[in-house]
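Please consult the sequence and the model alongside the text.

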Amino acid sequence: SDAQLLNNGQVLVTGGDYIVFLGQASPQAFLFNPGTATFSQTAPMNVARELPGITILPSGNVLVAGGITSQAAACAAIPGDTAFITNFSAEVYNPTAATWTLTSGSSATPGAAGGMNSQRIATAELFTSGPDSGLVILAGGVNSGTTNGTTPNFPTCETTSNIHQTTITKTDLFDERTGLFTATGVLHQSRGGYGYGILNSDPNSGDLVVIGGECAVGTLSSAAIGSAEASTVCGAAAKTDYYELFNPGTGTWTLG
């Protein structure tokens, strides 16, 4: 599951997998009250998700984007199999109304096109100053597919040995005012599971930095970017492209 601190002091906890990874994704959401140390259930998401990007928005609402929808229960008659899909869609939680609303173009059908420009498992980070102030960036990430290079036909069951992962370079910016995702500059190195943060000192103040992570090119294998193994799995550049900086003013990435 993923969690986000709300402006009212409560913590929103969303989705997750309640069997094992790629077992059974959940749409359920809960609120944790630190004052009473108790959880209460709130409205469920429109799409069951595990490992989505999550961040608070300028309004105090919360964006939850992408992630995997899995459904192992539908494959119970086939031991070891699961149905899964990586999502394009995103939705916004309103803490005051306790409601979820799909973003413009997003679909409640798992895996359907619309919302982001790429289906992904990735982080979400809000710019709070500079030219992209109020926008959320989702950079790169991982798209899970099948070993023959096709997108899974959710909810068709797939053997776990037929699952692969591919890291991507596409980057999206989300504007809460329009509810739309817009493509921006692409990463030089495809990566997922990276460290990230917005810098607050010169010469790159206001830039987003993504550090390390993993690369994968369509198998179950992945490698840590910057490692010798990465050059074998993903190509020579993956050994040296350890971090990148996104400049909101130009919408471009620069290798560090």
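## Salt bridges

In this predicted model, the count of salt bridges comes to 4. One of them joins the side chains of Arg49 and Glu91, with an N to O distance of 2.9 Å. Arg49 belongs to the loop between strand 4 (38-42) and strand 5 (53-56), whereas Glu91 is part of strand 10 (residues 90-94), so this pair ties together parts that lie 42 residues apart in sequence. Both Arg49 and Glu91 are buried.

A further salt bridge is formed by the side chains of Asp175 and Arg177, at 3.0 Å from N to O. The two partners fall on opposite sides of the accessibility scheme, in which buried means under 20% relative accessible area and exposed means over 50%. Asp175 has a relative accessible area of 15% and is therefore buried. Arg177 has a relative accessible area of 71% and is therefore exposed.

## The Asp172 and Arg120 pair

The side chains of Asp172 and Arg120 also meet in a salt bridge, at 2.8 Å from N to O. This pair links distant parts of the chain: Asp172 is in strand 17, and Arg120 is in the loop between strand 11 (99-102) and strand 12, 52 residues apart.

Are these two residues buried or exposed? Asp172 has a relative accessibility of 0% and so counts as buried. Arg120, at 1% relative accessibility, likewise counts as buried.

## Strand 13 and its partners

Asp172 also takes part in strand pairing: Asp172 in strand 17 is the bridge partner of Leu138. Strand 13 and strand 17 (residues 171-175) run antiparallel and are joined by 5 bridges. Strand 13 is also joined to strand 12 (residues 125-126) by 2 bridges, and these two strands run antiparallel as well. Here Leu126 has Val136 of strand 13 as its bridge partner.

## Burial of strand 13

How many residues of strand 13 are buried? In strand 13 (residues 135-139), 5 of the 5 residues are buried, so the strand is largely enclosed by the rest of the structure.

In a regular strand, side chains alternate between the two faces of the sheet. Both faces of strand 13 are covered. Leu135, Ile137 and Ala139 are buried on one side, and Val136 and Leu138 are buried on the other.

Key
Residues are numbered from 1 along each chain as its sequence is written. This is a predicted model: local features need pLDDT of at least 70, side-chain atom pairs count only at pLDDT 80 or more; totals for chains, interfaces and linings use all residues. Side-chain values use heavy atoms; hydrogens and water are left out. Buried means under 20% relative accessible area, exposed over 50%, partly exposed in between (1.4 Å probe, protein chains only). Helices (H or I, at least four residues) and strands (E, at least two) are DSSP runs, numbered from the N terminus. Two strands pair if DSSP finds at least two bridges between them.
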